[in-house]
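Please have the sequence and the structure open as you go.

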Amino acid sequence: MAPPSIETQGLTKRFGRFTALQDLSLKIEGTKCVGFLGPNGAGKTTTLKLLADMIFPTRGACWINGISVQEHRRGALTDAGVLIESPEIYPSLTPNEALEMVADLRGVPPADRRDRIRTVLGEVKMDDWANQKVGRFSKGMKQRINIAAALVHDPDVLILDEPSTGLDPRGMAEVRAIVRDLKKSRRLIFMSSHILSEVVDVCDEVALIDKGKLLFHDTLDNVTRRFAEGHGSVDVTLARPLDGGDGRAKLAALPGVSDVTDLDPKRWRLKFTGGVDGQERLLEALVALRIGVVSVAESESALEEVYLSQISRGD
Amino acid sequence: MAAATTDPPALPATRLRPPASLEQATHLARYQLREYLRSLRFLVMVGIVLAIGAILTTLVAHFRGSLATSPIAFYGSFWGGGANGVIVLSAVIFGGDAIAGEFQNKTGYFLMGLPLRRSTVYVGKFVAAFLAATAMMLLFLAILVGNGAYYFHGGLFPWQLGVAIVLAFAYLGAVLGATFLFSSLFKTSVYGFVLTLVMFLIGFTILQDLIVGLVKIQPWMIISYASSTIGSVFSPPVNWGLAATVTQERAFMGGPVVGTTYVPGIAEGLVIMLVYLVVTAIAGLWLFEREEFT
């Protein structure tokens, strides 16, 4: 049986008297995207740095593809692509050269090298910049090259530390789109983030960490269901604006609806009770209203509510 | 539960395997050297070597009667006078931030995600810095040989020059070893630069004088003492073995003062420099292996 792609056992890291990570045990298997969620200072980057052997555990250990990171860093990182804390590339190198260096160091056969580099530069949409010096690039462009560097050997495991942090909205959207594309290939993506919408957008599972402790790890659906305690939330988009007072009353009268929020005249957020059955009844009633429903999506606020409730519980 | 085995499980045959550590170090040195050759610091260092060469050329031209009387006198004053400075400045410029810069500039975060041993990074960067500094020494040597050809109508290189060049390379290794060690002590580049400059331009010389003057023993443990062989090899008779002790009586403040001068032998100087290289390289690597990318 194949070992878990990522596993940590009792992983603990202290910096002097400060405990950054406490007894983290986590097992991640399969090909999916797992969001590692938590507020700033929760221990996300510490965990990922331990997985990349950039820092050393005070106690515990971690494995990538069953290989101990602490005992065999070369073996453990062989089939992993790692991007931690927006690294800098030697500024006089071009993306082609930087990726050639990575390919050389990773042992990509010379015959495949050019194709692999062209492919990953295409994936991060930097092929037009392949021969410009990295030192002149914006932060977002450098980050895309960093993602390409993590992909050049086509790894099974991809470890990304807040890949869109520090970028402008366009850069964030681009990086998010890249990660979403990466999900199409069969690999495990373990991505830390403190941006809930990003996790909802691209991840299948979520692990929530706070103050160095893992609070839970489950699929997004299970998390929202488990912590919502029978409550759900959907965002409804309409083809035409709904009249404010009358519209609100109509929506509030639907079965199981406990709260109505107008996001804008064409978008409404409905909170409801009754779990999946309640959601089914609500959708049927919504369509029957004939108010021009064009889409109904599970609200991002569901995870936000779980996040806030769990984080504040830890305070 | 994953087993904490000593041997890593075998990777599937289809997966890529990283090359051997030595090959990785060679790759890393190649790209790091490319970075050096394209950098402003390389141009600055070329300018410094040309300036040192120009100053020495002017001095020899001006004091031709005393400095260019023979090939030995010429090469002794030129190589003995300039090589030391070229070596120390090259080591500081190419090695001063080699390790600290990986933390400060975050380039280390790019490398540390790769399946590399830390020792591979250390060795690769050391080799690149050594080669960049070697380029500077060769430039200085070219200026020297050009002057020599002019004054002595081509040819006639004394064998002492060959020995002095070997000693200079050993000294470069020792200085770079120490520079990398100092650079490993800090996560801020400027501290490594300053400490190396201070130690090699004045620090070791002061220590050497203190040891000779106060403790009155041969300062064999000081690198600047060993490096004096680069110049002393041009002064006959050449001492190939251990230190020669010269005791002199001088008049000082109305009375005779007996002073002792130690002149290192060639073999002794070479061994001291190589020991410096090995010890500082091991110590620097030991520090780097334990440094965390926090």
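## The open sheet of chain A

In what order do the six strands of the open sheet in chain A lie? Bear in mind that this is a predicted model. The strands follow the order β6-β7-β8-β3-β9-β10, with mixed pairing. At the edges sit β6 (80–83) and β10 (213–219) of chain A, each of which pairs on one side only. From one strand to the next, the twist averages 15 degrees.

Let's look at one end of this sheet. β6(A) runs parallel to strand β7 (residues 157–161) of chain A, and four bridges join the two. In this pairing, A:G81 stands opposite A:L158 of β7(A). Helix α5 (residues 139–151) of chain A packs on the sheet, where it touches β6 and β7 of chain A. The direction of α5(A) makes about 160 degrees with that of β6(A).

## A hairpin in chain A

Strands β12 (residues 257–264) and β13 (residues 267–273) of chain A run antiparallel and are joined by six bridges. The hairpin connects β12(A) to β13(A) through two residues. Across the pair, A:D264 stands opposite A:R267 of β13(A).

## Helix α2 of chain B

Now for a quick check on a helix. Helix α2 (residues 40–62) of chain B has 23 residues, so at 1.5 Å a residue it should span 33 Å; its end C-alpha atoms are 33 Å apart, which agrees.

Which residues of α2(B) are buried? They are B:F42, B:M45, B:V49, B:I52, B:G53, B:L56 and B:V60. These buried residues pack against four helices of chain B: α1 (21–37), α3 (64–67), α4 (71–95) and α7 (118–151).

How values were computed
Residues are numbered from 1 along each chain as its sequence is written. Chains are lettered from A and ligands numbered from 1 in the order in which they are written. This is a predicted model: local features need pLDDT of at least 70, side-chain atom pairs count only at pLDDT 80 or more; totals for chains, interfaces and linings use all residues. Side-chain values use heavy atoms; hydrogens and water are left out. The expected span of a helix is 1.5 Å times one less than its number of residues. Buried means under 20% relative accessible area, exposed over 50%, partly exposed in between (1.4 Å probe, protein chains only). Contact means heavy atoms within 4.5 Å. Two strands pair if DSSP finds at least two bridges between them. Axes are lines fitted to C-alpha atoms, for helices over the stretch in contact, and angles run from 0 to 180 degrees between N-to-C directions.
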